[in-house]
Structure formats: structure tokens, C-alpha cells
Amino acid sequence: MSITIKTPQEIEKMRIAGRLTGEVLDYITPFVKAGVTTNELDQLCHDLIVNVQHGIPAPLDYAPGGHRPYPKSICTSINHQVCHGVPSDKALKNGDIVNLDITVIKDGYHGDSSRMFFVGEPSIQARRLCDVTWQALWRGIRAVKPGGYLGDIGHAIQSFVEPLGYSVVREYCGHGIGRKFHEEPQVLHYGRTNTGLRLEAGMTFTIEPMINAGKADIKKLGDGWTVVTKDHSLSAQYEHTILVTGTGFEVLTLSDGCPPPPEN
Ligand code: MF3
Ligand code: CO
Ligand code: CO
């Protein structure tokens with residue numbers, strides 16, 4: 001498979017899938033409180049996607065090469081969990097930070113977005129990590145333009161977070177997206193300017209930096225999915241689905257409740 005340039009008709013469908021994805025995150029926000037289980041959040045999102053949006057939760061039964069089928073409809077990654085946390089009957093507790101990662105398929109096209117949520121009052125350090133990760137995502141987004149390079153995105157993220165003492169997870173990356181959940185290219189969250197693939201109008205991909213408060217090293221748990229930091233340091237992630245336009249970028253997963261872009 002190679003990189004697909006989306007037609008105007010496909011881009012319209014990507015806009016719809018992206019907006020629905022953002023709306024799931026908006027919808028679930030008031031439910032993310034101490035005492036709720038991640039299974040309850042999963043069920044609420046599943047029901048909204050299936051019964052109201054008439055879409056498909058892409059994670060459910062997703063089984064890319066080498067993985068067992070993913071058992072739930074969303075990913076819920078708490079504290080030192082980096083990504084792909086599997087919802088369970090464990091309740092969220094005051095002070096947790098949790099990433100909810102939503103992927104909706106609508107009319108054959110995917111939207112993919114995640115945000116961090118605060119349960120009660122997390123520590124200053126936890127909130128700062130989330131804020132830096134949000135800013136890092138937007139540094140990456142603002143590096144997107146036709147004629148630019150994929151490496152510009154990774155460089156924008158890495159050169160922002162590392163001087164602040166944070167590290168970039170290497171093993172997982174953003175990805176092309178469209179008819180398939182994960183398409184080419186891989187969008188690394190580290191790198192060098194003017195390297196890698198040349199960006200072209202009509203490309204759609206995600207940017208989804210995973211930033212650790214400690215070392216970059218990660219490991220996968222025995223459930224075959226949940227990724228955690230090796231040193232148990234906190235990890236944060238935000239994700240948007242992006243279209244390369246004729247002049248720059250369009251964020252396809254914006255919604256009313258999405259945190260506003262940082263000033264710079
Ligand atoms: N949504 C994740 C991403 O951003 C992928 C989750 S795969 C799953 O690429 F199977 F765990 F859902
Ligand atoms: Co993604
Ligand atoms: Co995602």
C-alpha cells in the first residue's frame with residue numbers, strides 16, 4: 001500500500017468522520033469523574049457512536065498484524081499508561097490523568113482523535129505534562145504545509161518537549177488515515193527538518209505525540225495491548241486528524257468542546 005491523496009469527495013467524508021470523532025470526546029467529557037469505570041466510559045461512547053452517530057467504533061475487534069483483536073470500542077490510558085489502555089471495571093480516582101482515544105468510521109472513512117482528561121485535581125506536574133503535550137501537538141500541526149516535509153513535524157515536537165525535560169515515545173507514531181485506520185505514511189514525533197516524505201495537498205494523517213515525564217522507554221503489558229512507561233513515569237497524548245491543504249493544514253477532528261489551540 002502507498003500514500004493515498006484524497007479526492008474532494010473523500011475529503012468531505014473525512015470531515016464528517018472527523019467531526020463525529022470530536023463530538024464523542026465532547027459528549028464523554030462530563031462523565032470523566034472519580035468513581036466512573038473505564039468500561040462505563042467505553043459503553044457510553046460505543047452507544048453514542050453506534051446508536052446516535054450510526055457509525056462504527058474502529059477499535060472494536062481491530063487486529064493489526066501480530067495483535068489479538070482489540071476487545072473494546074475506545075482506548076483509555078491512565079497515568080503511566082502511554083496508549084492502547086484497555087477499558088476495565090477499575091474506577092478512575094481523584095488525581096488521575098486519562099487519555100481517551102476515539103476512532104469513528106462513518107461512510108467508510110475514519111476520524112481519529114484523543115484528549116487528556118483530569119479526574120478531580122491532578123498534581124501540578126501532571127497538568128503541566130498535559131499542557132506541554134497539547135502544545136507539542138499544535139507545534140506539529142503548524143509545521144504541516146504542502147511542499148514541507150514529514151520530518152518537520154517530528155522536529156517541531158521533539159525540539160519543543162526535550163528542552164523542557166520530557167521525552168518522546170519512539171515506538172508508536174501518527175499515521176495516514178482514510179478508508180483504512182492505519183495507512184502510510186508513519187508520522188514520527190521526532191526527527192529532522194527537511195527530511196522524509198514531501199507533503200502534498202490531499203494527504204490525511206494523524207499527529208499524536210506520546211510524551212513522558214521520565215524516560216522514553218515503554219513496554220507492553222500481558223494483555224497484548226496496554227503500553228506503559230518502563231520507569232512508571234506519567235505519560236500524556238493528544239491526537240488530531242489533519243488534512244494537508246493547498247496552503248497549509250485543516251484539522252478534521254475539531255468540535256465545539258475541543259480545547260482551543262495554544263497561542264504559539
Ligand atoms: N487510536 C489509536 C491510534 O491513534 C489506535 C488504537 S488501536 C486499538 O492510532 F486497537 F487499540 F484501538
Ligand atoms: Co491514531
Ligand atoms: Co487514536
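The shell around ligand 1 divides into six nonpolar, four polar and four charged residues, where Ala, Val, Leu, Ile, Met, Phe, Trp, Tyr, Cys and Pro count as nonpolar, Asp, Glu, Lys and Arg as charged, and the others, Gly among them, as polar. This is a predicted model, in which local features need pLDDT of at least 70 and side-chain atom pairs count only at pLDDT 80 or more, while totals for chains, interfaces and linings use all residues. Residues are numbered from 1 along each chain as its sequence is written, chains are lettered from A and ligands numbered from 1 in the order in which they are written, and side-chain values use heavy atoms, with hydrogens and water left out.

**Ligand 1 and its surroundings**

- Of the 14 residues around ligand 1, those that come nearest are P59, H175, H182, E208 and E239, a residue being near if one of its heavy atoms lies within 4 Å.
- An oxygen atom of ligand 1 lies 3.1 Å from a polar side-chain atom of H175, and an oxygen atom of the ligand is 3.0 Å from a side-chain N or O atom of E239.
- For T103, a side-chain N or O atom is 3.5 Å from a nitrogen atom of ligand 1; a polar contact here is a pair of N or O atoms within 3.5 Å.
- Taken alone, ligand 1 exposes 340 Å², of which the protein buries 97%, with accessible areas from the Shrake-Rupley method and a 1.4 Å probe.

**Strands and their pairing**

- Three strands form an open sheet in the order 6-10-13, with antiparallel pairing; strands are DSSP runs of E with at least two residues, numbered from the N terminus, and two of them pair if DSSP finds at least two bridges between them.
- Strand 6 (167-168) and strand 13 (235-237) each have a single partner strand and stand at the edges, so one side of each is left without a neighbour in the sheet.
- Strand 6 is joined to strand 10 (residues 210-212) by two bridges, and V168 stands opposite I211 of strand 10.
- Strand 7 (residues 174-176) pairs with strand 8 (residues 183-187) in the antiparallel sense over three bridges, a hairpin of six residues joins strand 7 to strand 8, and G176 stands opposite E183.

**Backbone geometry**

- Most residues other than glycine have a negative phi, and most peptide bonds are trans.
- The peptide bond from E184 to P185 is cis, with omega near 0°, and P185 has its place in strand 8.
- H84, a residue other than glycine, has a positive phi near 60° and is found in the loop between strand 3 (81-83) and strand 4 (97-106).

How values were computed. Polar contact = N/O pair within 3.5 Å; in protein donor to acceptor, adjacent residues only side chain to side chain. Helix = DSSP H or I, 4+ residues; strand = E, 2+ residues; numbered from the N terminus.
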